[in-house]
Amino acid sequence: MNLWTSGRLRLFAAVWIVFNGVFPVLWILFTSLKPEAELVRKPITWWPHSPTLMHYQHAFTEQPLLHYLGNSLIVASLSTLLSLGVATGAAYAIARLNLRYRQWILTAIVASSMFPLIALLVPIFEIMRSLGLLNSYTALILPYTVLNLPVCTLVLVSFFQSIPRDLENAAMIDGCSRIGALWHVVIPLAAPGVFTAGILAFVNAWDEFLLALSLNASAAMRTAPVGIAMYQGEYTFPWPLISAALIVTIIPVALLIALFQERVIGGLTQGGLKG
Amino acid sequence: MKSWRDPSEKTLALLLLAPAFFLIALIVIYPVGKLIYTSLFDMQLSGGARALEFVGLRNFEDALKDKEFWHATRNTLLITAITVPGALVVGLGLALLANWPFRYKWVVRLSLLLPWALPLSFCGLIFAWFFHTDYGIVNDVLRLLGAPEPTMWLLNPSWAMAAICLTIIWKTSSFMALILLAGLQMIPRSLYEAAQVDGATRWQQFWQVTLPLLVPSIVVALIFRTLTALQTFDIPYTMTKGGPGSSTETLAMLIHKTTIDYLDLGYGSALAVFMFLMSMLVTAVYLRQIGKQA
């Protein structure tokens, strides 16, 4: 009796969590598959009665969605690579090298993420404007790199600390320089950490809206979130088109988190709890 | 072990840290200085080339007399006061449910991760469609439950605020749940066994064992949530653009409008300084808390 109820409760819990997390995206998926006529029928239909991929086609032809996705990909990948490079160096120095005030240095890097982005936006806009960098990839790549530094550094520091020093020492006794040991021994062992940090950084950059909207608003330089938010006209809201574009843009990120969920959760809670 | 103390190591450490510090200086430190500097000037880029005029604290005085500033601040604090406890309660509920041993753990994990991975701006768009007066699913469910009239969610100031808060709670509670779940999983099982031996009910176990041990995770999650709630921008921007009128405009949206749309950088900077001070206050509380825990 007790087992039966707890089994049912458990099922209820699981169904509730899944419903809560997935339903909004599922609903948008349904919307994107309904033909125009079905969308304005009242009362509304839930399940698409005559599904169509028409809106997906239109999402790419009526708006330069592919171009927006390309911009997002360039900005997110380059800023991720740059964050990883910079954070790896900093994290290695903090975790391994004979450094005074290491805790202070780590705190300072983490504290940089405590500054409100909206307050930094005003001077960053002013700086990028005077440098003529508005509507350029650089305008987003540099801030995104810095935004992702704290979480990347935190994740990497704890990975470096988990690698036994003896391995490194052995490599150096065998004639490796310290940089050589870092490159040949430590980084390969920390690869899962680098990878985790990379996913977090990529998702953050892919999702960012405020800076992309403010610094790169010209049609040619919009990232996908900004481009799609601007589909809405003054009075019209092309919902099926927006829905299809949302689904397309969510897919890469959804795949990343589906494939690497344990790492993502590990990285998030590390960054969150220690930060 | 001499190699760990050789002097070249210090040089190497500085070299490895230099890029991080250079970037932080460029994108955080220098801008903060520039923000404070610009806030003391009349700097409007829209009216053609105009001489930069030093005005002292006048931008701040103007802000304090500006009804829109107070209105936006009130909205921001209201959103913070509703969504931070809201996300905590919902997130704690999700975390407690997710802490049960499931056979298909990955499904549960993915369901908690998906809202986190969704861009805030997309949540705003998705929920604007949810709350659509004619074709939204929320009104359809209400109709099935017997509501006589469709609610004009995003066209009425109070309902619009409610819809925005619900959206923010949905979006942020999953991350909260992930943080709290990590905290829950660190509580040793033996404590519950001991409580059971002492005859504690499940309810008592929750209040006497779970909650006290979860407090550190809760405090950290709350402070992070508060910091982001103060900066609320994406969701109201994509759901209502601050409307109807300016009834759902947040301080972040006012700063964005003043700076980016009206190019009034001096006044925008002064508003941003207020935002900055509010965040610093929360951060100071946080650092004190960390100090207490350490």
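Here, contact means heavy atoms within 4.5 Å. By that rule, 95 residues of chain B and 92 residues of chain A take part in the contact. This is a predicted model, where local features need pLDDT of at least 70 and side-chain atom pairs pLDDT 80 or more, while totals for chains, interfaces and linings use all residues. Residues are numbered from 1 along each chain as its sequence is written, chains are lettered from A in the order written, and side-chain values use heavy atoms, leaving out hydrogens and water.

**Where the chains meet**
- Chain B and chain A bury about 8700 Å² between them, with 80% of it on carbon and sulfur atoms; buried area is the accessible area (1.4 Å probe) that two parts lose on being put together, summed over both.
- Two salt bridges cross the interface of chain B and chain A (a side-chain nitrogen of Lys or Arg within 4 Å of a carboxyl oxygen of Asp or Glu).
- Lys34(B) and Glu126(A) pair up through their side chains in a salt bridge, at 3.7 Å from N to O.
- On the side of chain B that touches chain A, helix H1 (residues 8-38) of chain B gives the largest share, 19 residues; helices are DSSP runs (H or I, at least four residues), numbered from the N terminus.

**Chain A by itself**
- Chain A has 14 helices and zero strands (strands are E runs of at least two residues).
- Its C-alpha atoms fill a box of roughly 75 × 70 × 35 Å along the principal axes.
- Of the 275 residues in chain A, 57% are buried, meaning under 20% relative accessible area (1.4 Å probe, protein chains only).
- Among contacts in chain A with a separation of 6 or more, 71% join residues 24 or more positions apart.

Definitions and conventions. Buried means under 20% relative accessible area, exposed over 50%, partly exposed in between (1.4 Å probe, protein chains only).
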